[in-house]
Amino acid sequence: MTTTIQLSKSIQEALKVLEIENQAIKDLIVNIEKNQSKAFESAIELLLNCKGKIVVTGMGKSGHIGSKIAATFASTGSPSFFVHPAELSHGDFGMLSKEDIMLALSFSGETDELKKVLTSIKRSGLKLISITGKEDSTLSGNSDVALFIKIEKEACPLNLAPT
């Protein structure tokens, strides 16, 4: 005898979101294998050979994700911290050294606060790795290594929270 379980609308919606997130991860794997393997490998080499700190920056939701990335790096033994891009242009460059690597996150690659500090990052001699959704963005064009994340569909039904 087979019993059918009726799932609530909330559970159905939660499963739908998880399925979209799952597909985004599968798409990312294919993207790295087919299109981004050299860039991904270059980013890994820069991070593994970093003699200083990994300094992560990003604005808005990208900043929140960046903060988590910095915390994960620190937890796994790589000195790392997050710095808000607006704070960089208000004195926080003093926390950085030439041995550091910047990791900048911006879906558009055109975030004003990040664009304002690109010249200072380059002038400081810091290596810059970017993660963005736009290959032809200002951020990717100014990066030593640019990684592209293409999102086919946001998992958030309101299209507000990043996938």
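What joins the side chains of Ser106 and Thr111? A polar contact of 2.8 Å does. By polar contact I mean a pair of N or O atoms within 3.5 Å; within protein, one must be able to donate a hydrogen and the other to accept it, and residues adjacent in sequence count only if both atoms are side-chain atoms.

Before going on, the ground rules. This is a predicted model, in which local features need pLDDT of at least 70 and side-chain atom pairs count only at pLDDT 80 or more, while totals for chains, interfaces and linings use all residues. Residues are numbered from 1 along each chain as its sequence is written, and side-chain values use heavy atoms, with hydrogens and water left out.

Let me stay with Ser106. Ser106 sits in strand E3; helices (H or I, at least four residues) and strands (E, at least two) are DSSP runs, numbered from the N terminus. Its relative accessibility is 2%, so Ser106 counts as buried. The scale is under 20% relative accessible area for buried, over 50% for exposed and partly exposed in between, with a 1.4 Å probe and protein chains only. Setting aside neighbours within four places in sequence, Ser106 is in contact (heavy atoms within 4.5 Å) with Ser62, Thr111, Leu114, Ile131, Thr132, Gly133 and Leu139. Ser140 is 34 residues from Ser106 along the chain, and their C-alpha atoms are separated by 9.6 Å.

Next, Thr132. This residue belongs to strand E4, residues 127-132, and with a relative accessible area of 2% Thr132 is buried. A polar atom of the Thr132 side chain lies 2.7 Å from the backbone oxygen of Ser106.

Five strands form an open sheet with parallel pairing, in the order E2-E1-E3-E4-E5. Two strands pair if DSSP finds at least two bridges between them. At the edges are E2 (80-82) and E5 (145-148), each of which pairs on one side only. Ignoring direction, neighbouring strands are turned by 20 degrees against each other on average; axes are lines fitted to C-alpha atoms, for helices over the stretch in contact, and angles run from 0 to 180 degrees between N-to-C directions. Strand E1, residues 54-58, pairs with E3 in the parallel sense over five bridges.

Two helices to mention here. Helix H1, residues 9-48, lies across E1, E3, E4 and E5, at about 140 degrees to E5. Helix H4 lies across E1, E3 and E4, and runs at about 160 degrees to E3.

On to packing. A nonpolar core is a set of buried Ala, Val, Leu, Ile, Met, Phe, Trp, Tyr and Cys residues joined through side-chain atoms within 4.5 Å. The largest such core has 15 residues, and those touching the most other members are Leu88, Phe93, Leu96, Met102, Ile121 and Leu128. Strand E3 (101-106) and helix H4 (112-123) are the elements that give two or more residues to this core, with the largest share, four residues, coming from H4. Beyond four places in sequence, Phe93 touches Leu88, Val117, Ser120, Ile121, Ser124 and Leu126. A second, separate core of 13 residues includes Phe73, Leu103, Ile129 and Leu147.

Last, cysteines. Cys50 is buried at 17% relative accessibility, and Cys156 is buried at 19%. The structure holds zero disulfides, a disulfide being a pair of cysteine sulfur atoms within 2.5 Å.
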